[in-house]
Amino acid sequence: MLTKQSPHVELRPLVRSDLGTLFAWWDEPEASYLDSGDRAGPEQDFRERVLHAFDLVGMDGWYIIEDVSKRPVGYVLSRFYPEDPKRAEVAIRLSERYWGQGLGTASFDALLKDLFRNNGVLGVWLTVYVFNRRAIRLYERFGFAIEESFLDAKGMELFKMTLPRTTWNDMNRSEACG
Ligand SMILES: CC(C)(COP(=O)(O)OP(=O)(O)OC[C@H]1O[C@@H](n2cnc3c(N)ncnc32)[C@H](O)[C@@H]1OP(=O)(O)O)[C@@H](O)C(=O)NCCC(=O)NCCS
């Protein structure tokens with residue numbers, strides 16, 4: 001699916017010592033606004049719950065993105081829900097200084113390949129604020145389509161976007177296997 005020369009990225013599972021970096025990324029106002037509709041980012045008690053949850057059960061499905069120099073540049077995640085266990089919710093966030101260099105495209109490609117090839121998912125979905133044009137363009141390039149729009153608790157509008165396996169296979173036909 002990648003059309004330009006894509007930068008090299010690696011996805012590795014998030015470990016506890018990454019949480020300081022993760023929380024620093026959550027303090028980046030513009031990224032927080034685009035990601036959560038709130039420049040302030042998650043509150044302290046939420047971060048403490050994340051730490052606690054990590055110690056109890058870990059953070060399955062969270063991956064740190066490393067660039068070619070092994071620098072952590074952001075994260076991707078996938079989540080499964082019991083009511084629809086063959087479809088994953090996905091999300092991505094890069095630290096602001098790494099935007100616009102192809103790293104988001106390369107990381108999302110790696111995440112989707114892992115989910116469709118190794119995990120056998122039937123589809124993936126995500127939610128995105130309607131004003132987040134850069135993210136929406138990225139998702140559309142991967143074949144995601146808008147399924148519906150809805151309002152969050154603050155009254156801000158989001159799209160739910162979905163990518164079925166059939167579309168992903170069509171767009172990755174030369175490489176697809178399933
Ligand atoms: C949304 C986000 C993940 C996109 O990642 P990114 O690395 O900035 O995106 P990319 O660089 O891969 O693509 C963005 C643009 O750079 C271009 N680009 C530049 N160099 C590129 C390269 N080597 N390869 C591919 N694309 C490249 C792309 O064509 C694309 O152009 P377009 O947006 O005009 O169509 C990132 O900006 C981010 O984390 N934003 C804040 C948090 C957020 O919004 N998360 C999503 C919540 S739903």
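Four elements, α2 (29–36), β4, α4 and α5, each supply at least two residues of the shell around the ligand; helices (H or I, at least four residues) and strands (E, at least two) are DSSP runs, numbered from the N terminus. The model is predicted: local features need pLDDT of at least 70, side-chain atom pairs count only at pLDDT 80 or more, and totals for chains, interfaces and linings use all residues. Residue numbers start from 1 along each chain as its sequence is written.

The ligand is surrounded by 24 residues, and the closest are L34, W99, G102, G104 and T105. Sorted by class, the shell has 10 nonpolar, nine polar and five charged residues. Here Ala, Val, Leu, Ile, Met, Phe, Trp, Tyr, Cys and Pro count as nonpolar, Asp, Glu, Lys and Arg as charged, and the others, Gly among them, as polar.

The strands form an open sheet of seven, in the order β1-β2-β3-β4-β5-β7-β6, with mixed pairing. At its edges are β1 (10–13) and β6 (145–151), each of which pairs on one side only. On average, neighbouring strands of this sheet are turned by 30° against each other, direction ignored; the axes are lines fitted to C-alpha atoms. F150 stands opposite L158 in β7.

The largest nonpolar core has 32 residues, and I65, V76, L112, L115 and V124 have the most contacts inside it. Such a core is a set of buried Ala, Val, Leu, Ile, Met, Phe, Trp, Tyr and Cys residues joined through C-beta atoms within 7 Å. Elements that each supply at least two of its residues include α1 (19–26), β3 (72–80), β5 (123–129) and β7 (157–164). Helix α4 gives the most, with seven residues. Setting aside neighbours within four places in sequence, V124 is in contact (C-beta atoms, placed from the backbone, within 7 Å) with R87, A88, V90, L112, L115 and L163.

Helix α4 also holds N118. N118 counts as exposed because it has 9 C-beta neighbours inside 10 Å; a residue is buried with 20 or more other C-beta atoms within 10 Å of its own, exposed with 12 or fewer, and partly exposed in between.

Definitions and conventions: Contact = placed C-beta atoms within 7 Å. Near = placed C-beta within 6 Å. Pairing = 2+ DSSP bridges. Axes fitted to C-alpha atoms, helices over the stretch in contact; angles between N-to-C directions.
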